[in-house]
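Me: I would like to learn how to read the features of a helical model. Can we go through them one at a time?

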Amino acid sequence: MFIKEDHTFQDMRKNSTMQWLEEVQAGEDLVNKHGAKLTIEYIESLQQEIAKLQDQIVLRDEFLKRLKKKNAKID
């Protein structure tokens, strides 16, 4: 009944981008090297923010389920 989401394209795009950034970072051009490092750090901070928000969503959903059960008992 439930279909598992296919993240193949997103994973390929992420891996390709990270590989390109690592290659740029290994290059000799200082501007590109530091820009790539900054971009990698920014992507990591975004991933941390996404994980934090997903945790908040889980907590919210658990709270709403408990509230719904409590209200069902009262009615």
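Reply: Start with Leu 64, which lies in helix α2, residues 30–74 (helices are DSSP runs of H or I of at least four residues, numbered from the N terminus). This is a predicted model, in which local features need pLDDT of at least 70, side-chain atom pairs count only at pLDDT 80 or more, and totals for chains, interfaces and linings use all residues. Residues are numbered from 1 along each chain as its sequence is written, and side-chain values use heavy atoms, with hydrogens and water left out.

Me: Is Leu 64 buried, partly exposed or exposed, and why?

Reply: Buried means under 20% relative accessible area, exposed means over 50%, and partly exposed is in between, with a 1.4 Å probe and protein chains only. Leu 64 counts as partly exposed because its relative accessibility is 42%.

Me: How many salt bridges does the structure hold?

Reply: Side chains of opposite charge can pair when their charged atoms come close. The cut-off is a side-chain nitrogen of Lys or Arg within 4 Å of a carboxyl oxygen of Asp or Glu. The structure holds one: Arg 60 pairs with Asp 61, with 3.0 Å between the closest N and O atoms. Arg 60 is partly exposed at 46%, and Asp 61 is partly exposed at 31%.

Me: At what angle do the axes of α1 and α2 cross?

Reply: Two packed helices are described by the angle between their axes and the distance between the axes. Axes are lines fitted to C-alpha atoms, for helices over the stretch in contact, and angles run from 0 to 180 degrees between N-to-C directions. Helix α1 (residues 8–26) and α2 cross at roughly 145°, their axes coming within 7 Å. Contact (heavy atoms within 4.5 Å) involves residues including Met 18 and Leu 21 of α1 and Ala 36 and Ile 40 of α2.

Me: What does Ala 36 contact beyond its neighbours within four places in sequence?

Reply: Ala 36 is in contact with Leu 21, Val 24 and Gln 25. Ala 36 is buried, at 3% relative accessible area. Glu 22 is 14 residues from Ala 36 in sequence and 7.3 Å away in space, C-alpha to C-alpha.

Definitions and conventions: Helix = DSSP H or I, 4+ residues; strand = E, 2+ residues; numbered from the N terminus.
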